[in-house]
Amino acid sequence: MKILITGGVGFIGRWVVKYLLKEKHDLWIIDNLCNAKEDNLIELCSDPHFKKFIKVDIKNKDILHQIFQEKFDLCLHLAAAINVQLSLDNPKEIFETNVEGSFNILEEARRTNTKVILMSTCMVYDKAKNSQKIDENHSLLPRSPYAASKITAENLALSYYYSYGLPVAVLRPFNTYGPYQRIDGEGGVISCFIANSLSGKALNIYGDGRQTRDFLYVEDCAEFVKRTISSDKIWGETINAGTGKDISINELALLIGNGSGKIKHLSHIHPQSEIEKLVCDYSKAKKLLGWEPRVSLEEGIARTKEWICSQRKKD
Ligand SMILES: NC(=O)c1ccc[n+]([C@@H]2O[C@H](COP(=O)([O-])OP(=O)(O)OC[C@H]3O[C@@H](n4cnc5c(N)ncnc54)[C@H](O)[C@@H]3O)[C@@H](O)[C@H]2O)c1
């Protein structure tokens, strides 16, 4: 298949590119590099199926118009402004990238009859209650402009399915972690905890640390995306991916810090945007795609730690 991947230089995008090259799909990648380095693609860009990387902002309609002249079979739309805290400080940027940018992609897809898979997120959900896991019918709650922008992009995308018959699907991975995620304050909590623990620094927990997350290893996420693109059962569907197990941030800090005790609780910058409990029911992905997560949290943390150590040796 001839596939356009937006945000393909980013953390999840880079793994998706790797998995789809293995399947011999021809890939065009666009990214404005605002949250990723082109180096992420170094070991992938010599593959004969890696057709082109174009540095472009999805807000730029004119360049998107030219790029879509290529006539793709599918657009995997991953590009997004992803920082929840920043979305509270600067909602305009989130709206322009995640809503207007997605609209630009959908319009080009409609014009060229290109299938679209939109990468959304578990952050659109209201918290899990009691021991209930979150399936795709769980209530949504826009706790932050980020969540609102993703809910809006999802609805826009699905409206193209219902209004124009465009094949569109929405994916909602839960918190994803692993190699290539940023290890500074802008990265995910697992990468930040590992990096701080290796440097002998305290693991900073915002709030009381009792909030829970369901952490999905990035290669399980890439496998999930790979399976969606080879299925004809996904159009018009919204599909979760997670592990079905959650862990509190306090427990995660103990696990990564080996109980070293170097944990600091800081007051939450935006406590109102916290989702207290997130845990995924992935039975729809299992039923439709035969997908199940394979990598345990312990194994995923070990692989991420190994990668962070290898990066430090290079510096
Ligand atoms: N990381 C997670 O835990 C997680 C979980 C669920 C869903 N997601 C979703 O997966 C997707 C990828 O997330 P990620 O964690 O890999 O983040 P990321 O920031 O590493 O990847 C996003 C990519 O999009 C690019 N980008 C941002 N704005 C752009 C613009 N205006 N034009 C072109 N490119 C732009 C960035 O440079 C980056 O390479 C996002 O849609 C995100 O919402 C992430």
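Helices here are DSSP runs of H or I with at least four residues, strands are runs of E with at least two, and both are numbered from the N terminus. One caution before we go on: this is a predicted model, where local features need pLDDT of at least 70 and side-chain atom pairs count only at pLDDT 80 or more, while totals for chains, interfaces and linings use all residues. Residues are numbered from 1 along each chain as its sequence is written.

Back to α6 itself, residues 189–198. Is this helix enclosed or open? It is largely enclosed by the rest of the structure, because 8 of its 10 residues are buried. Buried means 20 or more other C-beta atoms within 10 Å of the residue's own, exposed means 12 or fewer, partly exposed lies in between, and the C-beta atoms are placed from the backbone. Among the buried ones are Cys192, Phe193 and Ile194. The cover over them includes β7 (176–177), β8 (203–206), α8 (249–256) and α10 (297–314). Contact, here and later, means that two C-beta atoms, placed from the backbone, lie within 7 Å.

Two other residues have a positive phi without being glycines. Tyr180 has a phi of about 85 degrees and sits in the loop between β7 and α6. Lys24, with a phi of about 65 degrees, belongs to the loop between α1 and β2 (26–31). Which of the two is buried? Tyr180 is, because 23 other C-beta atoms lie within 10 Å. Lys24 counts as exposed, because it has 10 C-beta neighbours inside 10 Å.

Now for the sheet. It is open and has 7 strands in the order β3-β2-β1-β4-β5-β6-β11, with parallel pairing. At the edges are β3 (50–55) and β11 (238–241), each pairing on one side only. From one strand to the next the twist averages 15 degrees, using axes that are lines fitted to C-alpha atoms, for helices over the stretch in contact, with angles from 0 to 180 degrees between N-to-C directions. Strands count as paired if DSSP finds at least two bridges between them; β4 (residues 74–77) and β5 (residues 115–119) have 4, in the parallel sense. His77, for example, has Leu118 in β5 as its bridge partner.

Do look at Lys115, which is in β5. It is partly exposed, because 19 other C-beta atoms lie within 10 Å. Setting aside neighbours within four places in sequence, Lys115 is in contact with Asp73, Leu74 and Pro167. Phe72 is 43 residues from Lys115 in sequence, yet 8.3 Å away in space, C-alpha to C-alpha.

Zooming out, the domain assignment, whose bounds come from an automatic or database source, gives domain 1 (2–177 + 215–244 + 280–294) and domain 2 (189–211 + 246–278 + 300–314). Their C-alpha centres lie 25 Å apart. In the interface, 15 residues of domain 1 are in contact with 12 of domain 2. On the domain 1 side, helix α3 (residues 84–89) supplies the largest share, 3 residues.

Last, the ligand. How many residues surround it? There are 28, and the closest are Gly7, Gly10, Ile12, Ala36 and Ala80; near means a C-beta atom, placed from the backbone, within 6 Å. Two or more residues come from each of α1 (11–22) and α4 (91–112), and α1 gives the most, with 3. Thanks, everyone!
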